[in-house]
Amino acid sequence: MATSTAAAPPTGPMPVLSTRPPWRETFVSLRVRNYRIFAASNLVANTAVWMQRIAMDWLVLQLSGSVAAVGITVFMQFTPMLVLGLYGGVLTDRYSKQRLLIITQSAASGLAVALAVLTLTGNVQVWHVYLISFLLGLVTVVDNPARQVFVNELVGPKYLRNAISLNSSIFQLGGLIGPAVAGLLITAVGGGWSFVINAGACLAVVGALCTLRRDQLHRSPAAPRAKGQLLEGMRYVRRKPVIFWTVVMVAIIAVFAFNMPVFLAAYANNVYDVGAQGYGLFNALVAAGALAGALASTRRTSVRLSMVVGTAAALGVVQALAGFAPSEIAFGILLVGIGVGNLLFITAANSLVQMSSNMQIRGRVISLYILVLLGGQAIGGPVMGWLVEAIGPHTAMMISGIVPALAAIVIGVLIARQASLRLRFGLRGRRPVIAIVTRAGKSGATL
């Protein structure tokens, strides 16, 4: 093998704060000019992407009358990542992330134009949406790992965790605005204009990428072309328990819990009969909770594996409770809770994976992470769609939460045994304390 992770620069020290950062530093990474430009364009693009997602899901539901067909749309979009995701990481490690993003965003704009033309001319069919979803998935194979790693080049290791949290906030702010606007557009003039807006937003990202100052980028070393680089990345992940168990937890959550379009389409169409606007509102409630969760994540002093597993368990419990929601109001409140848990989990997992891997192999590590995240949704989309139609949305939603919660408990026990940890109960002053400690009684917080 021509290259080895042993020869790569060592993993940079993970920034751990002894106290919570002051509120004025919540947006500290925006002090970097390049990141400000990238973040602003991302806000526009993410709002438009959410509009396109809602319009595509509702379009498929209208054309087919089937919630399972919405699940197939999710499957088509995420299958390329499941099959080819690791190759996207190899390309990200080899080539300029900035150039790759310009190519992928240009391609995404072209696909949005094609979908807009088909829809606005009244010629769109379900298979058209499936095909374009699949092609968008191919774009995502390269776009997602390149985007994740490029954030480090924009801000450097000092502001990386803050930038990851802000990226999640921006994504969810788009998720808050986009579905609501898409619902109004679908009702007023049809979903085709959502695709037009997304095409323009992708071109805006291309323009923003072209204006970045290259001399201010923290460029990561390019991995030379060599045999065995895919296996090298997988072996690297397997040797690092912090990354390995995080990826396993992400895979389980992705398959069962991260298929909200399927559930929300069923609740909007079959349970509460609130139509496209209600579907947009349900998505906006999840995004509102996620935005709060993303902002809360900027206040973390550290990120640990125990936090990832614990947040996954909490998310599963809240999602299971949503299946029992007695009314539309209760369901909406629980959707906000799902959004909070979703983002606290995903930002913790993303931060831990990025900051625990060295720069020269980070693209391949992130591509594996994204493979299980999006590939899991590719598997879970049609499975959850089938469950919704077979046993009803309430029971399917309950299952989607219970399975990840139980899995998190099992993984937590396995990690504790592997690290020889145990739970310790006691009192600190008058307050009860529950802590994870080693068998010798020392703190196990390094998890």
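Ala251 has its place in helix H8, residues 241-256. Helices (H or I, at least four residues) and strands (E, at least two) are DSSP runs, numbered from the N terminus. The model is a predicted one, in which local features need pLDDT of at least 70 and side-chain atom pairs count only at pLDDT 80 or more, while totals for chains, interfaces and linings use all residues. Residues are numbered from 1 along each chain as its sequence is written, and side-chain values use heavy atoms, with hydrogens and water left out.

**The chain as a whole**

- The protein chain contains 14 helices and two strands.
- Of the 447 residues in the protein chain, 56% are buried; buried means under 20% relative accessible area, exposed means over 50%, and partly exposed lies in between (1.4 Å probe, protein chains only).
- The protein chain has an accessible surface of about 18,600 Å², and carbon and sulfur atoms hold 67% of that surface. Such areas come from the Shrake-Rupley method with a 1.4 Å probe, and for residues only the protein chains shown count as cover.
- Among the contacts in the protein chain with a separation of 6 or more, 84% join residues 24 or more positions apart; a contact means heavy atoms within 4.5 Å.

**Individual residues**

- Ala251 is partly exposed, because its relative accessibility is 24%.
- Val32 belongs to the segment before helix H1 (33-64). With a relative accessible area of 18%, Val32 is buried.
- Between the C-alpha atoms of Val32 and Leu154 there are 7.7 Å, although 122 residues separate them along the chain. Apart from neighbours within four places in sequence, Val32 is in contact with Leu154 and Tyr159.
- Gly289 is part of helix H10 and is buried, at 0% relative accessibility.
- Neighbours within four places in sequence aside, Gly289 is in contact with Val336, Gly339 and Val340.
- Asp273 sits in the loop between H9 and helix H10 (275-297). Its phi is near 50°, a positive value in a residue other than glycine, and Asp273 counts as exposed at 64% relative accessibility.

**Helices H3 and H4**

- Helix H3 (residues 97-120) and helix H4 (residues 126-155) have axes that come within 9 Å and cross at roughly 155°. Axes are lines fitted to C-alpha atoms, for helices over the stretch in contact, and angles run from 0 to 180 degrees between N-to-C directions.
- H3 is therefore roughly antiparallel to H4. Angles under 35 degrees count as roughly parallel, over 145 as roughly antiparallel, 65 to 115 as roughly perpendicular, and the rest as oblique.
- The crossing of H3 past H4 is left-handed. A left-handed crossing has the near helix turned anticlockwise from the far one by less than a right angle, and a right-handed crossing has it turned clockwise.
- The contact of H3 with H4 includes 17 nonpolar, four polar and four charged residues. In this scheme Ala, Val, Leu, Ile, Met, Phe, Trp, Tyr, Cys and Pro count as nonpolar, Asp, Glu, Lys and Arg as charged, and the others, Gly among them, as polar.

**Helix H9 and its partners**

- The axes of helix H9 (residues 260-271) and helix H14 (residues 393-418) cross at roughly 155° and come within 10 Å. H9 is therefore roughly antiparallel to H14, and their crossing is left-handed.
- H9 contributes Met260, Phe263, Ala266, Tyr267 and Val271 to this contact, while H14 contributes Pro393, His394, Ala396, Met397 and Ser400. By class, the contact of H9 with H14 has eight nonpolar residues, two polar ones and no charged ones.
- H9 also packs with helix H13 (residues 362-391), at an angle of about 25° and with the axes 9 Å apart. These two helices, H9 and H13, are therefore roughly parallel to each other, and H9 passes H13 in a right-handed crossing.
- In this pair, Val262, Phe263 and Ala266 of H9 meet Gly381, Met384, Gly385 and Val388 of H13. The contact of H9 with H13 comprises five nonpolar, two polar and no charged residues.
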